[in-house]
Amino acid sequence: MGHPDGDTAAAIDPTRFGLPTPDDGERRDWEESRGTCPERIDFIEPAQVAEHCGLAGLGAALSAEIVDATRIYQRHPELRQLAWHLHRRLAAASVMQPAHIRWPRLPDAFGEGRDFVCLHVLLSRVPAMLAFHRGRGIPHQVSLDTLDDLRLWSADHRRKRGTAGFSNPGWLTNHIVGRIFRIGRLQYDLGTFSYAVHVFRHRLDRRVVALAGDAQRFRADGQCDGANGITDPTGGFETRFERSSTSIHGHPISTRGAVLRDPVDLPPSDWECVLEKGAHVLGVHI
């Protein structure tokens, strides 16, 4: 592999692109990207960008703007290294898992088209995303509806900044790696329940009770102490949650979202845990 910028490629500082100063792992990845960067990067060539836009169903007008933005790589050849680096990071991300990629906001000095660079990288993985969907029997229309967020966030960029571009690549990463799917008007994301709440369902009548986690501090009104900047040092209380073979002890959460001061005891023979911290869940976005 050659370096498109010759010896200058080795001297490019990633912080120039608005990336944070990298830690050891990030710096190692950056150097590996530099060492593997090909002389021709197909996914930022106009013809392939146009093809990816077509696969994503982005429409003629937006696709033309995205393709036109590839001229930035002629004005700033060093951005090729950035695009390749981000592409490698995205391609290495595990499917259906959180992807930790540092997406930059390029400084204004790079001029027109800078806010499309991250979109070019996301589009480079659209063929892989579509193949992933096909392999799991996901309808093609669901794939296209999911990818429509690329159009929505391009429109958001124009509405907020008054220029063509693209914002929020971090959110769209979830779509590309198969963590978010749009079905109808809703989006569903695969995630992990992260709250200190234990939910139990009665084995016979299917009633559901949610209990607050252990050692959580609440105000007298049952809201988290400190929520909205309001504390309750004298009237508040701390929860206790315990589970054993003979009892499930905890503070229930009311249907209005308030934690009750008085705890309850549930017999484990009648109640099963159906949700608690660490469980796999579907998030819903409206």
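1. Cysteines. A disulfide is taken here as a pair of cysteine sulfur atoms within 2.5 Å. By that criterion, the search of the whole structure returns zero disulfides. Cys-53 is in no disulfide, and the nearest cysteine sulfur, that of Cys-118, is 15 Å away. That distance is too far for a bond. Both cysteines are buried: Cys-53 has a relative accessible area of 0%, and Cys-118 has one of 8%. Buried means under 20% relative accessible area, exposed means over 50%, and partly exposed lies in between, with a 1.4 Å probe and protein chains only.

2. Basis of the note. This is a predicted model, in which local features need pLDDT of at least 70 and side-chain atom pairs count only at pLDDT 80 or more, while totals for chains, interfaces and linings use all residues. Residues are numbered from 1 along each chain as its sequence is written, and side-chain values use heavy atoms, with hydrogens and water left out.

3. The main core. The largest nonpolar core has 41 residues. A nonpolar core is a set of buried Ala, Val, Leu, Ile, Met, Phe, Trp, Tyr and Cys residues joined through side-chain atoms within 4.5 Å. The residues with the most contacts inside this core are Ile-66, Leu-79, Leu-123 and Leu-150. Among the helices that each supply at least two residues to it are H2 (46-56), H5 (79-92), H6 (117-124) and H8 (140-161). Helices (H or I, at least four residues) and strands (E, at least two) are DSSP runs, numbered from the N terminus.

4. Leu-150 and the second core. Not counting residues up to four places away in sequence, Leu-150 touches Ala-56, Leu-58, Leu-119, Leu-122, Leu-123, Phe-166 and Leu-172; contact means heavy atoms within 4.5 Å. A second, separate core of seven residues includes Phe-200, Val-209, Leu-211 and Trp-271.

5. Asp-148. This residue is in helix H8. Asp-148 counts as buried, at 18% relative accessibility. Its side chain makes a polar contact with the side chain of Arg-151, at 2.8 Å. A polar contact is a pair of N or O atoms within 3.5 Å; within protein, one must be able to donate a hydrogen and the other to accept it, and residues adjacent in sequence count only if both atoms are side-chain atoms.

6. Sheet S1-S2-S11. Three strands form an open sheet in this order, with antiparallel pairing; two strands pair if DSSP finds at least two bridges between them. The edge strands, S1 (180-183) and S11 (280-285), each pair on one side only. Neighbouring strands of this sheet are turned by 30° against each other on average, direction ignored. S1 and S2 (residues 186-192) run antiparallel and are joined by four bridges. The bridge partner of Ile-180 in S2 is Asp-189. Helix H8 packs on the sheet, touching S1 and S2, and its direction makes about 110° with that of S1. Axes are lines fitted to C-alpha atoms, for helices over the stretch in contact, and angles run from 0 to 180 degrees between N-to-C directions.

7. Sheet S4-S3-S10. This is an open sheet of three strands with antiparallel pairing. S4 (208-212) and S10 (271-275) stand at the edges with a single partner strand each, so one side of each has no neighbour in the sheet. Neighbouring strands here are turned by 35° against each other on average, direction ignored. Five of the six residues of S3 are buried, so this strand is largely enclosed by the rest of the structure.

8. Pairing around S3. S3 (residues 197-202) pairs with S4 over five bridges and with S10 over four. Towards S4, Val-197 has Ala-212 as its bridge partner, and Phe-200 has Val-209. Towards S10, His-202 stands opposite Trp-271. S3 and S4 form a hairpin with five residues between them, and Arg-206 in the turn has a positive phi of about 70°.

9. Gln-216. This residue lies in the loop between S4 and S5 (217-218). At 30% relative accessibility, Gln-216 counts as partly exposed. Not counting residues up to four places away in sequence, Gln-216 touches Ala-196, Phe-237, Glu-238 and Thr-239. Gln-216 and Ala-196 are 20 residues apart in sequence, with a C-alpha to C-alpha distance of 8.3 Å. A polar atom of the Gln-216 side chain lies 3.1 Å from the backbone oxygen of Asp-214.
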